Amino acid sequence: MRILLVRPKRRKKSITLGEFMFSEPLGLECIAAILRDKHEVKILDLMVGKEDFSQELIGFKPQIVGFTSLCVDVRGVKELALKTKEIDERVIILAGGTQAFLAPENFFCGEIDHIVKYTTQDNIRKLFYYLENGEKVPLIDGVHSRENSFQSTDVSGINEYITPDREATEKYRSHYTYFGYQPCALLQTSRGCSSHCSFCLRWKIEGGQEQDEPMENIIAQIQRIAEPSIMIIDNNFLYSQERLENFCHLLESDNIQKNFICYASVESIIHHRETLNRLSKNGLRACLVGYESFKAEELAGYNKKATIKENILAAEILKELGIACWASFILNPDWNTKDFLQFRKYVKELAPEISTLTPLTALPGTLLYNKYKERILFAPDDYDQWSFSVVSIKPSKLSLRHYYFEVLKTNLYVNLLLNNPSYVIQQFGLGTVLRLIKGSLKFLLIYIKLMVKG
Ligand code: B12
């Protein structure tokens, strides 16, 4: 069968970090890897590609179109699904990806035929067996089919680790970027997270315990990756010292030289200082560290394991080892003007090379949503707004306008005065800096509009 796998365009209405980074659609590459032996599979990445969707449909004539999705993509997926059915109503439409996992019901509609909540080689092969033979699809674990009134079995599950088929995105790969690193590949070496931070979806998606992929498979993938830079998307790549030592050993013995970027927890940075030094010699260039807050009680409320003192120590260790820190912080809706001021001082003290500030977001369907239910500013189906970039919980101490004013001021302060411009220029060159400035300006303009609107 001819199968077209699609990542929708970025939504014009949604502000996302897509202004700064768009990396490969690993999920679609996993599906391509499962299906490529028996079917003709093509990935259409509308996030980076300039193709016309309708022309692609007319040219490739797929029998099946599968969409991947994040929270902001629901409308985009539905619009493209409708367009597909208008061009050829026989085309079977599938929806999968993070949002299909977290809220499959978002896709229960006339233009989508099967929603794959979680993906395993087994359920995909089963589904495609029935689709290929034109038979009625029975209840399959993890699959919600319209012909079964979107019912599935009662078996819950999570996505299986599948080695992605990176060749399927060959034509887009030079565009994939992670902040300044371009071209940059994505790699997952382990799934799940035992930290269970209250605001985080990742351990809910991948499971509450780390589950490692054998290091031999990881090294084999790295050897096949042509890009000089690799972003490791594990929740906390540094969690196991033994595993990291093995990773370094294999890189050294195979003489592999790449730039690596990874997510890292404060505790791991502190506890695995020596190994971090070895990793740095093996190409670890930057760690994304979730410092989140300057207040001890907020850190505790978020279920963070680290204290303020440990955050500062981790920042010092990274500086000492020459590993850049890309810090992320959560802007709490209960902050007042003094809190914002104290927060700015705290970021100055931590002095990360790059900081990202995200308003606390309580996505519909999560525990956090229930906690803030009375203060949520958007309807659950106002999907374009659920971008993790706009204020979605009504501030308690400031008016929305005043709160946005503080967000704007803090963003300007952090981006213009604190983020390390010489680091960015040295590391990524002027072209990237200009691209980042363009993205930041777009962000700032939207924040100004939101502030004025109040
Ligand atoms: C890499 C990444 C990105 C990359 C690429 C994401 C992509 N898929 O296009 C980039 C940098 C572009 C990105 C951007 C954003 N991201 Co992001 N990202 C991630 C991250 C770290 C890993 C995702 C990943 O690749 N996982 C591994 C792959 C293999 O998993 P997967 O895609 O789910 O695929 C599996 C199944 O879902 C299935 N599958 C996937 N697609 C399909 C399609 C079909 C048809 C089928 C059958 C199956 C199927 O196959 C795979 C089998 O294992 C996650 C955190 C996490 N651990 O999930 C956040 C995460 C997904 N991102 C998130 C968010 C919020 C965003 C942004 C909105 C952030 C922002 N403020 O800008 C933007 C949105 C961009 C946009 N659309 O405009 C949230 C998602 C929340 C949600 N409900 O969707 C997450 C969970 C992080 C978080 N905050 O908790 N992101």
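**Ligand site and fold at a glance**

Domain 1 (2-148) and domain 2 (166-453) each give at least three residues to the shell around the ligand. These bounds come from an automatic or database domain assignment. The model is predicted: local features need pLDDT of at least 70, side-chain atom pairs count only at pLDDT 80 or more, and totals for chains, interfaces and linings use all residues. Residues are numbered from 1 along each chain as its sequence is written, and side-chain values use heavy atoms, with hydrogens and water left out.

**The ligand shell**

- The ligand is surrounded by 42 residues. R7, L17, T68, C71 and E206 are the closest.
- By type, the shell holds 22 nonpolar, 14 polar and six charged residues. Here Ala, Val, Leu, Ile, Met, Phe, Trp, Tyr, Cys and Pro count as nonpolar, Asp, Glu, Lys and Arg as charged, and the others, Gly among them, as polar.
- The elements that give two or more residues to the shell are α1 (26-35), β3 (64-67), α4 (98-102) and α6 (202-206). Helices (H or I, at least four residues) and strands (E, at least two) are DSSP runs, numbered from the N terminus.
- α1 supplies the largest share, five residues.

- T68 sits in the loop between β3 and α3.
- T68 is buried, at 16% relative accessible area. Buried means under 20%, exposed over 50%, and partly exposed in between (1.4 Å probe, protein chains only).
- Beyond its neighbours within four places in sequence, T68 contacts V6, R7, P8, L28, V77, G96 and G97. Contact means heavy atoms within 4.5 Å.

**The two domains**

- The C-alpha centres of domain 1 and domain 2 are 28 Å apart.
- Domain 1 puts 32 residues into the contact, and domain 2 puts in 35.

**Helix α2 (53-60)**

- F53, S54, E56, L57 and F60 are buried in α2. Seen down the helix axis, these buried residues fall within an arc of 160°, so they line one face. The arc is taken from the directions from the axis to the C-beta atoms.
- Q55 and G59, on the other side of α2, are exposed.
- The cover over the buried residues of α2 includes β1 (2-7), β2 (40-45), β3 and α3 (74-87).
- D52 caps the N-terminal end of α2, with a side-chain oxygen 3.3 Å from the backbone nitrogen of S54.
- Just after α2, K61 has a positive phi of about 50°.

**Two buried loop residues**

- F20 lies in the loop between β1 and α1. F20 is buried, at 9% relative accessible area.
- Leaving aside neighbours within four places in sequence, F20 contacts T177, F179, R435, L436, G439, S440 and F443.
- L360 is in the loop between β14 (354-359) and α14 (367-372). Its relative accessibility is 4%, so L360 counts as buried.
- L360 and L331 are 29 residues apart in sequence, yet their C-alpha atoms are 5.7 Å apart.
- Outside the four places on either side in sequence, the contacts of L360 include F199, Y302, I330, L331 and Y372.

**Backbone points to check**

- Q182 and P183 are joined by a cis peptide bond, with omega about -5°. P183 is in the loop between β6 (143-145) and β7 (184-187).
- N255 is not a glycine, but its phi is positive, near 50°. N255 lies in the loop between α8 (241-253) and β11 (259-264) and is exposed, at 57% relative accessible area.
- F388, also not a glycine, has a positive phi of about 65°. F388 is in the loop between α14 and α15 (400-418) and is partly exposed, at 29%.

Notes. Near = heavy atom within 4 Å. Polar contact = N/O pair within 3.5 Å; in protein donor to acceptor, adjacent residues only side chain to side chain.
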